[in-house]
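These are my notebook entries on one protein. I set down what I looked up, in the order in which I looked.

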Amino acid sequence: MERSKKVALGLGATALALGAGFSVTGMAAATTTTPTPTRTSSSPFSAPGDGPRFDGGGHGHGHGRGHGAVKADSAALAAKLGVDQAKVEDALRAFREANRPPGRSADGTKPDKAAREAALAASLAKSLGIDEAKVKAALEELRTQAQTDRAAALKGRLDQAVKDGTLTQAEADAVTKAVEKGVIGGR
């Protein structure tokens with residue numbers, strides 16, 4: 001047989017073997033079900049200081065909360081302040097655009113959270129024509145409620161894990177303490 005025919009037959013056989021291998025792998029993957037974890041809005045991995053993220057949060061791609069959660073947060077803030085939700089969303093958008101970080105900090109430091117929150121309250125108060133103290137109080141109330149909701153959800157999930165035998169009570173208590181102290185779930 002000529003050399004070119006041998007090469008062609010060899011390549012054909014290789015392609016056939018690869019195709020068969022991929023088919024078997026594809027079928028195995030199609031029949032194997034692996035449960036995928038789902039992200040909930042009451043993640044136990046949120047730091048105690050976290051609340052609704054009105055300022056955009058500075059998250060990278062694929063992290064943080066979706067636009068639906070921010071809209072819900074803006075609706076709750078609008079209700080607390082007694083203003084139209086669209087006005088709150090516009091004011092939040094303006095704040096985010098004006099305070100967008102240029103990129104990652106070269107030295108790895110994070111912006112001062114308290115200063116950013118104070119700037120957010122001042123900006124919203126000015127944009128909405130509302131007293132700054134009222135805006136700060138509304139933001140704090142919403143943050144406290146979010147923390148309470150997350151703690152209750154975590155407790156329920158940990159209690160169920162203890163009941164199912166997945167965790168011991170001591171392990172569940174350790175997780176709760178680590179979340180409260182910001183050891184896990186921090187940003």
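How many helices and how many strands does the secondary structure of the protein come to? I found six helices and zero strands, where helices (H or I, at least four residues) and strands (E, at least two) are DSSP runs numbered from the N terminus. I noted that the model is predicted, that local features need pLDDT of at least 70, that side-chain atom pairs count only at pLDDT 80 or more, and that totals for chains, interfaces and linings use all residues. Residues are numbered from 1 along each chain as its sequence is written, and side-chain values use heavy atoms, with hydrogens and water left out.

**Entry: helix α5**

I looked up α5, which covers residues 132–164 and has 33 residues. From first C-alpha to last it reaches 48 Å, close to the 48 Å expected at 1.5 Å a residue; the expected span is 1.5 Å times one less than the number of residues. After α5 comes Gly 165, with a positive phi near 85°.

**Entry: α5 against α6**

I next took helix α6, residues 169–180. The two helices pack at about 160°, with axes 9 Å apart; axes are lines fitted to C-alpha atoms over the stretch in contact, and angles run from 0 to 180 degrees between N-to-C directions. α5 is therefore roughly antiparallel to α6 (an angle over 145 degrees). In the contact (heavy atoms within 4.5 Å), I listed Leu 154, Leu 158 and Val 162 of α5 with Gln 169, Ala 172, Val 175, Thr 176 and Val 179 of α6.

Technical notes. Angles under 35 degrees count as roughly parallel, over 145 as roughly antiparallel, 65 to 115 as roughly perpendicular and the rest as oblique.
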